[in-house]
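Subject: Structure handover

Hello,

Here is the structure I promised to pass on. Please open it alongside this note; my findings follow below.

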Amino acid sequence: MNLQTQPLPDETVAKFFYLIKLIILDPFILSGLASAFIASLFWMAAMTKFSLSFAYPFMSSAFIIVMFFSVLLFGESLNSYKLLGTGLIVAGIVVLSQGYGVS
């Protein structure tokens with residue numbers, strides 16, 4: 001019997017271990033956790049080299065990258081609301097980056 005098709009146990013401790021086993025054996029969850037860990041290492045490294053006011057606008061550009069790849073890879077629709085929202089994010093990044101270096 002496949003692990004994902006087994007019924008959830010009745011006891012609380014057994015439920016806990018069952019869910020932990022699902023997490024450990026699921027490659028998608030493991031790859032997501034590993035990616036988040038690696039991203040946090042890169043973020044800490046960036047914070048040692050750059051100030052927060054310079055580095056954070058680049059972090060916000062992830063919204064643009066996600067929108068682009070969701071349309072390209074997953075065929076999601078691109079409507080005016082998504083474009084407007086992305087435009088507002090870009091405008092915010094531009095405004096925020098203009099303050100870099102100003103004391």
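Start at Thr86, which sits in helix α5, residues 80–98. Please keep in mind that this is a predicted model.

Is Thr86 buried or exposed? Thr86 counts as buried, because its relative accessibility is 12% and the cut-off for buried is under 20%. Which residues does Thr86 touch, once its neighbours within four places in sequence are left aside? They are Ile64 and Met67.

Now move to Val66. This residue belongs to helix α4, which covers residues 62–74. Val66 has a relative accessible area of 55%, so it is exposed; the cut-off for that class is over 50%. Glu76 lies 10 residues from Val66 in sequence. In space, the C-alpha atoms of Val66 and Glu76 are 11 Å apart.

Next, the whole chain. The protein chain has five helices and zero strands. From the N terminus on, the order reads α-α-α-α-α. The chain is more spread out than a compact globule, because its radius of gyration is 21 Å, well over the 13 Å that the globule rule gives for 103 residues. Along the principal axes, the C-alpha atoms fill a box of roughly 60 × 40 × 20 Å.

Burial and contacts come next. Of the 103 residues, 10% count as buried. Thr86 is one of the buried residues. Take the contacts with a separation of 6 or more: residues 24 or more positions apart account for 30% of them.

Then the surface and the charges. The protein chain exposes about 8,400 Å². Carbon and sulfur atoms supply 74% of that area. There are 4 positive and 4 negative side chains. How far apart do the centres of the two sets lie? The answer is 13 Å.

Last, confidence. The mean pLDDT of the protein chain is 83. A score of at least 70 is reached by 90% of the residues. Which elements have the lowest and the highest mean pLDDT? Helix α3, residues 52–60, has the lowest, at 77. Helix α2, residues 27–49, has the highest, at 91.

That is the handover.

Best wishes

Terms used: Residues are numbered from 1 along each chain as its sequence is written. This is a predicted model: local features need pLDDT of at least 70, side-chain atom pairs count only at pLDDT 80 or more; totals for chains, interfaces and linings use all residues. Side-chain values use heavy atoms; hydrogens and water are left out. Helices (H or I, at least four residues) and strands (E, at least two) are DSSP runs, numbered from the N terminus. The radius of gyration is taken over C-alpha atoms; the globule rule is 2.2 Å times the number of residues to the power 0.38. Buried means under 20% relative accessible area, exposed over 50%, partly exposed in between (1.4 Å probe, protein chains only). Contact means heavy atoms within 4.5 Å. Accessible areas come from the Shrake-Rupley method with a 1.4 Å probe; for residues, only the protein chains shown count as cover. Lys and Arg count as positive and Asp and Glu as negative; His and the chain ends are not counted. The place of a charge is taken as NZ of Lys, CZ of Arg, CG of Asp or CD of Glu. pLDDT is the predictor's confidence in each residue, from 0 to 100.
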